[in-house]
Amino acid sequence: MPSTPPAVVTVTGAAGHIGYAALFRIAAGAMLGHDQPVRLRLLELPGAVSAAVGTAMELDDGAFEQLTSVDIFDDARAAFDGTDYALLVGAKPRSKGMERADLLQANAAIFAEQGAVLNDVAGEDLRVIVVGNPANTNAAIAAAHAPDIPAERFTALTRLDHNRAIAQLSHRAGCPAREITRVSVWGNHSASQYPDIFHARVAGRSGAEFAEDRAWLVDDFIPTVARRGTAIIETRGASSAASAASATIDHVHDWVLGTPDGDWTSAALPSPGVYGVPEGLVCSFPVRSVGERWEIVEGLDINEFSRTRIDASVAELADEIAAVGDLLPA
Ligand SMILES: NC(=O)c1ccc[n+]([C@@H]2O[C@H](COP(=O)([O-])OP(=O)(O)OC[C@H]3O[C@@H](n4cnc5c(N)ncnc54)[C@H](O)[C@@H]3O)[C@@H](O)[C@H]2O)c1
Ligand SMILES: O=C(O)C[C@H](O)C(=O)O
């Protein structure tokens with residue numbers, strides 16, 4: 001029987017918190033399936049290569065059946081050579097006194113360079129997920145520097161926000177998460193995002209029924225989901241890592257292996273100009289994966305309540321892109 005060729009998966013920032021939580025689940029088959037051999041490439045800054053080597057030693061000790069190799073790099077060109085999946089996690093964290101615009105600039109430079117390198121050396125079927133913040137704009141910048149790769153292959157992580165919305169709704173409804181479908185996260189992975197439950201199904205009931213309690217929706221559900229990242233930092237003393245790693249794996253898993261029948265998920269993709277989102281902004285939409293391609297769920301009725309919130313988050317995305325305009329190719 002012919003053996004399945006290994007998939008090449010490059011993880012940047014591999015020695016960081018999210019990388020450490022993601023790598024072992026990727027090696028165990030949670031991302032691409034238990035029958036898919038995987039070659040892992042770990043990209044780190046030179047100062048963190050030793051930590052990545054230690055992580056590789058632990059991966060070795062896992063004796064994972066489908067893990068074919070683990071290689072460590074501090075050079076993007078070598079790490080991305082022929083890669084099929086680029087998980088762009090590595091980014092500069094926001095330091096004390098740093099303005100959002102400074103963070104945008106610092107990280108935009110990293111993603112401009114990585115987009116250009118991916119364009120030159122990545123595999124033909126490359127798929128990219130940007131996790132490093134500001135994830136949506138970093139993905140837009142990487143895509144802009146990779147003119148030979150279809151822009152739709154560049155995505156950003158909002159699955160964590162999607163999963164957070166399901167968790168909050170399940171607490172409200174007193175039902176397990178598996179009984180909740182068709183939640184949508186719109187906009188930016190930031191406090192301006194809009195988790196939308198109007199089209200959701202909640203244990204056989206309509207999400208719109210839950211949305212009728214506007215006090216709960218406006219003062220509890222939406223801010224709890226949208227500010228969950230900050231709440232985790234304040235409570236845990238570090239930003240979410242295991243849940244972000246898990247959501248990253250969910251994102252790639254569903255992209256490649258498909259979303260469940262009758263459901264959809266959320267992912268940030270370059271807008272093709274639907275739902276009033278200007279073309280090219282990397283915006284979170286409700287999506288299904290069909291034949292290993294994301295398709296935006298079209299034709300949803302957007303009420304006034306939702307419209308206002310989607311527009312506010314999209315305006316923030318447009319401002320972010322404008323702030324890094326000097327790093328976009330002319
Ligand atoms: N989109 C989301 O839902 C989401 C959720 C949580 C965290 N995040 C973001 O993910 C990123 C990583 O989080 P973390 O907790 O793993 O951070 P971390 O600081 O623990 O790890 C980041 C790692 O990236 C490396 N790195 C920095 N620049 C690099 C570059 N140019 N190339 C390769 N590696 C590089 C660092 O050396 C470090 O090891 C942060 O930007 C964080 O804000 C996003
Ligand atoms: O790292 C952060 O700023 C928060 C993170 O994006 C999260 O949503 O948990």
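Predicted model: local features only at pLDDT ≥ 70, side-chain atom pairs only at ≥ 80, totals over all residues.
1. Residues are numbered from 1 along each chain as its sequence is written, while chains are lettered from A and ligands numbered from 1 in the order in which they are written.

2. Helix 1 (residues 17-27) packs on helix 10 (residues 242-257) at about 45 degrees, with the axes 8 Å apart. Axes are lines fitted to C-alpha atoms over the stretch in contact, and angles run from 0 to 180 degrees between N-to-C directions. Helices are DSSP runs (H or I, at least four residues) and strands likewise (E, at least two), numbered from the N terminus.

3. Helix 6 (residues 159-173) meets helix 8 (residues 214-226) at an angle of about 145 degrees, axes 9 Å apart, and this crossing is right-handed. Helix 6 brings Asp-161, Arg-164, Ala-165 and Gln-168 to the contact, and helix 8 brings Phe-221, Thr-224 and Val-225 (contact: C-beta atoms, placed from the backbone, within 7 Å).

4. UniProt's unreviewed entry lists Arg-94, Arg-100, Asn-133 and Arg-164 under "binding site"; positions follow the numbering used here, feature names are shortened, and annotations may be inferred rather than shown by experiment. Arg-94 sits in the loop between strand 4 (85-88) and helix 4 (100-121).

Definitions and conventions. Left-handed = near helix turned anticlockwise from the far one by under 90°. Contact = placed C-beta atoms within 7 Å.
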